[in-house]
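Have the sequence and the 3D view ready, and follow along as we go.

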Amino acid sequence: MPNVDATTTNGTSRARPLDEVMTGANGPGAPPLRVEGGRRGGKRSGEPTPRSYYDLPVLNKPVWGAPDIPGYLFLGGLAGAGAVVSAAAQLTGRRELARSTKVVNAGAIGLSLFALVHDLGRRGRFLNMLRVFKVTSPMSVGSWLLAGFAPAVAGAAISELTGRVKPIGAMATAGAAALGPAVATYTAALISDTAVPAWHDGHTVMPFVFASSAVTSAAGLGLALAPVAESGPLKPLGALAGLAELGLTKAMEKKTGLAETTYHEGRAGMLMGASELLLVCGAALTATSGRSRTRRAAGGMAVFTGSLLTRFGIFEAGNASTQRPEYTVEPQRRRVKDRSNGREDGRG
Amino acid sequence: MSIAASARNRFDNGQDAAGASGYRDAPPRMGFFTDTSVCIGCKACEVACKEWNRVPEDGLDFTGMSYDNTVGLSADTWRHVAFIEQRKPLAAQVTGRDGPAERPVTVEDAAEGLRWLMSSDVCKHCTEAACLDVCPTGSLFRTEFGTVVVQEDICNGCGYCVPACPFGVIDQRHGDGRVWKCTLCYDRLGVGAEPACAKSCPTDSIQFGPLDELRQRADRRLAQLHSRGVADARLYGRDPADGIGGAGAFFLLLDEPEVYGLPPDPVVTTRDLPSMWKLVAVAASSVLLAVGTAFAGAGRHQGGAR
């Protein structure tokens, strides 16, 4: 009798009983093969088995690209808070600071608009953003905010550089300062208003993270650009906002519960770690810079870069949290359990 | 009364999904009831959907995940049949929709305790749809049938709906840039036809009809299964008081939702948006306050002196 594969021979002994045949069922058996190039992430070895369909993510990964979107989160904050700094500088007679920040604001918002359009799947349709106004969509609200803010910032910068139409320039500066804080913070609602665990579950603190991060970046850059004689107010502002950003970010991370680990692992972990270091060192350097232009500039650039990395870190953590089904499933399971326990208590 | 129901706010669409969107004399809300207890995993729904809607091919992979080679819902898979192999008795898979089986299926029948769950997943057409809420262009809209549909001539591919969906349904199509998902065959509904997947389903696992009627039918089916000892049977997305206001496409499952890759208790993210806006307003004011305080504290610039 030729050697026949036991599994293909009719009824050949029960060397491999049916319940030991390799299946996808729980228990021993080879893990399922992965789709080539994996449309979705797979299970990582050595981790507790999360309960989901073949350990696949429940959520779809955001399709927003880097550096476009995290870059916009940062630049929008920079220009938004920067517009307030420009107006305050102008009001208090700090001409150089007002001038340089106005130019920076216009550049930042120009880059922002480019990044936002660049990230669209259909760039030619970017004007559809202004087709409707929906308060249920932070992106719609933001589009309208930018539609007012960008021309104001551009007008302020052009008037400043050309020295013409000063009344319009002053109005544009004031308008930009009025809209700036909203531009700097609405993006927190934008990313929190998703099912992404590392973003949504931090939604009560995220606006304050973004607010402080925006002020940090604007103050930091102002410290680097303005002469010592004019950057006095930015010294405490940059140092304190940097420290506030650090503390608020930690508080926001805590709020995300299980998904907090995404802020400490992988690329997001590296970014957040570097951000922390830069914010602490930058704040210390800024606070102790005395009247040294170099030290102020170094401290300012450190907190500025720290703020930039915070935004990129938050972006990466959110993406990563969608790829782990347990961050979606576990909190929901707990909620269901608590609710059914509560119901039993209610009856008893 | 659930937590979800008490958390209702003015962003809520209520149960009259089409009426709340401004339709007058809208037809009854239409939906799917997918009874997975009679799904045989034939994938006719996947094929019919692809053909009718001209959904492009998106890779012919062998995944090793039982008979599932489409992995999950995506821009190019609008019906997805999940295959789950479990070491549990098969008794739960009594079919016989039109009456009791000849004799109850016993554990001994169940191939030594191996059961095979199959379930055809689809867009849930939520009453409170996050994708629809966050869409900035108005491309996603509520139809007169209460379903949620993308207008491909409006969508600019901003991608906001993708992370907003608590089920991981809607996605961006590579090389196209726009987002795509189940339309509940809006074009067929308009002429009184049923969606392609329901039409092709040989066991009526996918049932199409007015949502009210489907809910009643599902309740009867659940009671029937429970009376036959299938204690695992449960409805998913049936409850209008859940976190999405009830699904327009709901399911009868034979295990926990997450086993099928479904979130156990999804809540539409926009329920928290009113409080987010309030906090954004406070945070924005704090920016003004912080900068204002810093400059007020330092006083007016005195030409060179600090």
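Which strands of chain B does helix H8 (residues 211–227) lie across? Before we get there, a word on what you're looking at: this is a predicted model, where local features need pLDDT of at least 70 and side-chain atom pairs count only at pLDDT 80 or more, while totals for chains, interfaces and linings use all residues. Residues are numbered from 1 along each chain as its sequence is written, with chains lettered from A and ligands numbered from 1 in the order in which they are written.

Back to that helix. H8(B) lies across S1, S8, S9 and strand S10 (249–253) of chain B, and it runs at about 135° to S8(B). Angles here go from 0 to 180 degrees between N-to-C directions, using axes fitted to C-alpha atoms, for helices over the stretch in contact.

Those 4 strands form an open sheet in the order S8-S1-S10-S9, with mixed pairing; two strands pair if DSSP finds at least two bridges between them. At the edges sit S8 (206–210) and S9 (234–236) of chain B, each pairing on one side only. From one strand to the next, the twist averages 20°. Look at S1 (residues 30–35) of chain B: 5 bridges join it to S8(B), and the two run antiparallel. One bridge partner to find is Gln207(B) in S8(B), which goes with Phe33(B).

Zooming out, chain B has 9 helices and 10 strands (DSSP runs: H or I of at least four residues for helices, E of at least two for strands, numbered from the N terminus). Of its 306 residues, 52% count as buried, meaning 20 or more other C-beta atoms lie within 10 Å of the residue's own, with C-beta atoms placed from the backbone.

Now hop over to chain A. Helix H7 (residues 234–255) and helix H8 (residues 266–287) of chain A pack at an angle of about 155°, their axes 8 Å apart. That makes H7(A) roughly antiparallel to H8(A), a label for angles over 145 degrees. Among the residues that meet are Gly238(A) and Leu246(A) in H7(A), and Leu279(A) and Ala283(A) in H8(A).

Finally, how do the chains come together? 83 residues of chain A are in contact with 75 residues of chain B, where contact puts the C-beta atoms, placed from the backbone, within 7 Å. On the side of chain A that touches chain B, the largest share, 8 residues, comes from H4(A).

Notes: Parallel < 35°, antiparallel > 145°, perpendicular 65-115°, else oblique. Contact = placed C-beta atoms within 7 Å. Buried ≥ 20, exposed ≤ 12 C-beta atoms within 10 Å, placed from the backbone.
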